[in-house]
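Here are some exercises to work through with the model open. Try each one before you read its solution.

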Amino acid sequence: MTESLLNKTLDLLRGILAQDSPVGFTKKAVDFSLDALRGMGYEPTLTRKGGVLCCLGGKDAENGLILSAHIDTLGGMVSRVKDNGRLKLSPVGGLEPNNIETESVRVYTRRGDVYEGTIQLVNASMHVNGSYRSTQRTYDTIECVLDEDVHSADEVRALGIDTGCFVCVEPRTVITKSGYIKSRFLDDKLSAAILLGFASYLKEEKIIPERQIWLHLTVYEEEGHGASATMPAGVTEILGVDMGCVGDELQCTEKEVSICPKDSSGPYNYEMTCRLISLAEEKGIGHAVDVYPHYSSDCSYAIRTFDVKHALIGPGVYASHGYERSHVDAVKSTFDLLCAYTEV
C-alpha cells in the first residue's frame, strides 16, 4: 500500500466516521459512500435494505467475489421524554450504558433538526449523590441531558424531540503521530474505508481483476442480518472485512490483520481460510489467526440464505463497542491481504 493510498484511505475513514449512522439511521454514511464511489468512476446502487452495492469490475462473472463491510453502528433512540426534560434512551445495536456515560451526543428530530446533549448518570454530581459509585449503569439510571434551556416534556417536544428520535454518540476520531487510530465505530467503518481505498486503487491503476468483484456496504449488521438478503448472480464467495478482535487469550494486536477461522456463529470456510493464511505467510503480511468468542459477521448471516463460501478478515481493533483503537499498520496489512486474495 503506497503512502498516497494510505492517506486517501485515512481521509475516507475520517469522512465516513463523521457521518452519524446508527443501525436504522444510516443515510448519511450511505450517501457519503455513494458519493465516494461515484467520484472514483463507479456506478454504485442501493439495495432495498438501504445498503451500498457496487461492481468493481472483473472478467469472470461466474466466479464472483463479494467484499463486505458494514457502515451501521451502535447508537440510541429516545424511548421516553421525561417530565423534567431529560431523555430516557433505548439502545440500538447493543450500545452498552456503562460505556457511554459522559459522552457527547447528537439528537436528530424527524423534521431534520439536530440538537446536542450529554449522556449522564441520573443525579450525576458526586457532591450531591452519595450513591454515585455504587449505582449500576443501566438505561434506567442514565439519561440524555439536552444542551437546551428545557425543563419539561412539553418544552422538549416543542423542539421536535420525542419518542423514536435517534441519538448518535460523538465518535471522537484521533489519528496520532505514532499511527494509532482512535475512535468509536471503527467497527466497522475502518474496514469500510479500507474497501473504499481498495476500490480507488483498482480504478486509479486501471486494474481489471480476473474474477468479478463486488463491494457491499451493509447497514443492518449490528442487528444481525446485514448481508442476509443480497447476492448478485454468479457470486461464489463472500469475504467479510470486519474488525479483528484484540484482547486476552487472542494473538492479534492493533497492528495486524486478523484471520478468523471460527466465531460464535460457527466455523468459516476451511479452504478460503487456509488460503488467506497461506497468502499472508507467503507475502510476509503481518497477521494473526484467532477464534472469536463473542462475535458474528455479515458472512455468517449470508450463508444462512445463500449457497456461497465465506471467510472473515479484518484490521485488529481493541476495545470493541467502546472507544476503539487500531493502527495504520493494520490498515496496510488488511489491504495487502485483500490484494493477495484477489490477485490484483
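Start from β2: it pairs with strand β12 (residues 211-218) in the antiparallel sense, over 4 bridges. Strands here are DSSP runs (E, at least two residues; helices are H or I, at least four), numbered from the N terminus, and two strands pair if DSSP finds at least two bridges between them. The model is predicted, so to speak of a local feature takes pLDDT of at least 70 and a side-chain atom pair 80 or more, while totals for chains, interfaces and linings use all residues. Residues count from 1 along each chain as its sequence is written, and side-chain values use heavy atoms, without hydrogens or water.

**Exercise 1.** Find what stands opposite cysteine 54 in β12, and which strand joins β2 by 2 bridges.

*Solution.* Cysteine 54 faces leucine 215. Next, β1 (residues 45-46) runs antiparallel to β2 (residues 52-55), with threonine 45 partnered by leucine 53. Finally, look at the hairpin turn: 5 residues separate β1 and β2, and glycine 50 there has a positive phi of about 105°.

**Exercise 2.** Work out how α1 and α2 pack.

*Solution.* Helix α1 (residues 3-17) meets helix α2 (residues 27-40) at about 150°, axes 9 Å apart. That makes the pair roughly antiparallel (angles over 145 degrees). Contact (heavy atoms within 4.5 Å) involves Leu12, Gly15 and Ile16 of α1, and residues of α2 including Phe32 and Met40.

Note on methods:
Axes are lines fitted to C-alpha atoms, for helices over the stretch in contact, and angles run from 0 to 180 degrees between N-to-C directions. Angles under 35 degrees count as roughly parallel, over 145 as roughly antiparallel, 65 to 115 as roughly perpendicular and the rest as oblique.
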